[in-house]
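Subject: Structure for your files

Hello,

I am passing on the structure we talked about. My notes on it follow below.

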2 protein chains.
Amino acid sequence: MHSLLLIAHGSRRPASNDEVRELANKVKAIAGEQFSNVSSAFLELAEPDIPAGIGRCIAEGASEITIVPYFLSAGRHVAEDIPRVVNTAVMQHSNVKINLLPHIGAGFEMPAFLLRSTIE
Amino acid sequence: MHSLLLIAHGSRRPASNDEVRELANKVKAIAGEQFSNVSSAFLELAEPDIPAGIGRCIAEGASEITIVPYFLSAGRHVAEDIPRVVNTAVMQHSNVKINLLPHIGAGFEMPAFLLRSTIE
């Protein structure tokens, strides 16, 4: 069972965290057979945190977890904090395959996505 | 002449700001006839700031400027700070049409974009 976990920064504004949770639901709705489950976790300021988010995926039966940092630029959080926390989880759950992808701002489709967003 | 202006938060890390400038260049490269120019400006911590970015577009001949906040969630910056600064510019440049679009995280294509980013 393969789970997708979005990691966002987390905000003091509950509505902002709910936006991320809702996005995970929308991705889940279109994921088809690619992912059995899609959920979200937060680096700080909101729940679940990253270790708890990974733990939930495993409790739900995930044997593989793909993690996508929902960040636009590679600041310290993307370059250092998230890999550190994820690596700790990798060592704790050696029976689960955990893949950490680049932050979404690095995606090669971002320029086209941005351009399309101007004509919606 | 129609210009596209990306607005990012701005970072203390020069590499992060350069990522945004490079993204604007990539969008420009694929914009075709949709936009005569594509550039970037920053809410804080980097140059140009938003008024200077708008001023540059006008100095280059823009009669219309479409502004896209390069933000994922609607925090205070998206909900309050950017509209306030843009509205001031709108009043100062009444001969130029200035359109402020929603932040990119609000785009209805974001779930599909996110899903595609997991298989690149």
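Two strands are taken as paired if DSSP finds at least two bridges between them. The model is a predicted one, and the notes below should be read with that in mind.

Sheet of chain B

In chain B, 4 strands make up an open sheet with parallel pairing, in the order 2-1-3-4. Strand 2 (37–42) and strand 4 (97–100) of chain B are the edge strands; each has a single partner strand, so one side of each has no neighbour in the sheet. On average, and with direction ignored, neighbouring strands of this sheet are turned by 25° against each other.

Strand 3 (residues 64–69) of chain B runs parallel to strand 4 of chain B and is joined to it by 4 bridges. Within strand 4 of chain B, B:Ile98 is the residue that stands opposite B:Ile65. Helix 2 (residues 50–59) of chain B lies across strand 1 (2–8), strand 2, strand 3 and strand 4 of chain B, and runs at about 165° to strand 1 of chain B.

Interface

Contacts between the chains involve 38 residues of chain B and 38 residues of chain A. Chain B and chain A bury about 3400 Å² between them, with carbon and sulfur atoms giving 69% of that area. Of the area that chain B buries against chain A, 19% comes from B:Leu72, B:Phe113 and B:Leu115, more than from any other three residues.

The rule finds 2 salt bridges across the interface of chain B and chain A. The side chains of B:Glu109 and A:Arg116 form a salt bridge at 2.7 Å, N to O. A:Arg116 is partly exposed, at 29% relative accessible area.

Salt bridges and cysteines

Over all chains, the structure holds 10 salt bridges. In one of them, the side chains of A:Glu64 and A:Lys97 meet at 3.8 Å, N to O. A:Glu64 belongs to strand 3 (residues 64–69) of chain A and A:Lys97 to strand 4 (residues 97–100) of chain A, so this pair ties together parts that are 33 residues apart in sequence. A:Glu64 is partly exposed, with a relative accessible area of 22%.

A salt bridge also links the side chains of A:Asp81 and A:Arg76, at 3.3 Å, N to O. A:Asp81 is buried, at 9% relative accessibility. A:Arg76, A:Asp81 and A:Arg84 are linked in a network of salt bridges.

There are 0 disulfides over all chains. A:Cys57 is buried, with a relative accessible area of 1%, and B:Cys57 is buried at 1% relative accessibility.

Regards

Methods:
Residues are numbered from 1 along each chain as its sequence is written. Chains are lettered from A and ligands numbered from 1 in the order in which they are written. This is a predicted model: local features need pLDDT of at least 70, side-chain atom pairs count only at pLDDT 80 or more; totals for chains, interfaces and linings use all residues. Side-chain values use heavy atoms; hydrogens and water are left out. A disulfide is a pair of cysteine sulfur atoms within 2.5 Å. Buried means under 20% relative accessible area, exposed over 50%, partly exposed in between (1.4 Å probe, protein chains only). Helices (H or I, at least four residues) and strands (E, at least two) are DSSP runs, numbered from the N terminus. Axes are lines fitted to C-alpha atoms, for helices over the stretch in contact, and angles run from 0 to 180 degrees between N-to-C directions. Contact means heavy atoms within 4.5 Å. Buried area is the accessible area (1.4 Å probe) that two parts lose on being put together, summed over both. A salt bridge is a side-chain nitrogen of Lys or Arg within 4 Å of a carboxyl oxygen of Asp or Glu.
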